[in-house]
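Visitor: I am new to reading protein models. Please walk me through the main features.

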Amino acid sequence: MAKPLLPDALWDRIRPLLPPPKPRRARYPGRKPIDDRRALIGILFVLKTGVPWEDLPREMGCGSGMTCWRRLRDWQRAGVWRRLHEALLAELNGAGRIDWSRAAVDSRSLRALGGGERTGPSPVDRRKKGSKHHLLADGRGTPLAATLTAANTPDVKEAERVVEAVPPVGGRPGRPRRRPKELLADRGYDSRALRGRLRAKGIRPRVAPRGTPHGSGLGRFRWVVERSLSWLAHHRRLRLRTDRRADIHEAWLSIGCAMICFNLLAASLC
């Protein structure tokens, strides 16, 4: 039997975060809107398969592609996907499944068909328009934060912003936590200024220096963020950017991170 797109356990976590539906007019109420769960299944189907919105199968009972797109947009504006990611991080933290002793940062470039917001000439794709995902993962590979930039944005310039994007993670007694003890990065992040700013935040930088031969030894720990980036790319909508609007693609990125957290949580409970 195929794995459901929206398991009951995931829906139970998302449902309280959704904004209440708009009140319907007593007179001439019009057609009844699609149920939120059915619309969410359509959103997850597009995320996983990468099909255009207009090709969303009507047989799934999720309404039209435009209906699902509007829900994705509205729920992004309401902060649903961000709060879902934070809630799952808190659950993982409460279960002792977040390794705050270290974190790793890396990026992945993807082509942007038709351009759009936060796109630029890609230095790794013959200067075709593209974007870049920046991901910060803990020592186990759990996505702590992700940001979106143009493909020609240097990694070192975005490193501090992705560190600042980590939300306060609760789930355990005491103050919520946001900072790992140390940050691991490859040669693309080699910068004296970045090291100074990380130390000011109480984070020990471990960055491979430029101009040195390969074999720094950081790969033994950094591989987890590369694995998480590949997990994000399993969602075809995150493998190739087709949305011109940055907020829509950021919604996909937040959902992708939340799905990884949910799968890690489910695996820890088995």
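Guide: Helix 3 gives the most to the lining of the largest pocket, with 6 residues. Helices here are DSSP runs (H or I, at least four residues), numbered from the N terminus. This is a predicted model: local features need pLDDT of at least 70, side-chain atom pairs count only at pLDDT 80 or more, and totals for chains, interfaces and linings use all residues. Residues are numbered from 1 along each chain as its sequence is written, and side-chain values use heavy atoms, with hydrogens and water left out.

Visitor: What is a pocket, and what is a cavity?

Guide: Both are sets of points on a 1 Å grid over the protein atoms alone. In a cavity, a 1.4 Å probe fits but cannot get out. A pocket is an open set with protein on both sides within 12 Å along at least five of seven lines. Lining residues have an atom within 4 Å of a point. The largest pocket is lined by 22 residues. Pro33, Ile34, Asp36, Thr67 and Arg71 lie nearest its centre. Helix 2 (36-49) and helix 3 (65-77) are the elements that give two or more residues to this lining.

Visitor: Which classes of residue line the largest pocket?

Guide: Ala, Val, Leu, Ile, Met, Phe, Trp, Tyr, Cys and Pro count as nonpolar; Asp, Glu, Lys and Arg as charged; the others, Gly among them, as polar. The lining of the largest pocket has 12 charged, 7 nonpolar and 3 polar residues.

Visitor: Which residues line the largest cavity?

Guide: They are Leu10, Ile14, Leu40, Leu44, Trp81, Leu84, Ile255, Ala258 and Met259. By class, that makes 9 nonpolar, no polar and no charged residues. Helix 8 supplies the largest share, 3 residues.

Visitor: At what angle do helix 2 and helix 3 cross?

Guide: Axes are lines fitted to C-alpha atoms, for helices over the stretch in contact, and angles run from 0 to 180 degrees between N-to-C directions. The axes of helix 2 and helix 3 cross at roughly 95° and come within 9 Å. These helices are therefore roughly perpendicular (65 to 115 degrees) to each other. Contact means heavy atoms within 4.5 Å. Helix 2 uses Asp36, Ala39, Leu40, Gly42 and Ile43; helix 3 uses Cys68, Arg71, Leu72 and Trp75.

Visitor: Is Asp155 buried or exposed?

Guide: Buried means under 20% relative accessible area (1.4 Å probe, protein chains only), exposed over 50%, partly exposed in between. At 15% relative accessibility, Asp155 counts as buried. Asp155 sits in helix 5 (residues 155-164). Leaving aside neighbours within four places in sequence, Asp155 is in contact with Ser107, Lys132, His134, Gly188 and Tyr189.

Definitions and conventions: Angles under 35 degrees count as roughly parallel, over 145 as roughly antiparallel, 65 to 115 as roughly perpendicular and the rest as oblique.
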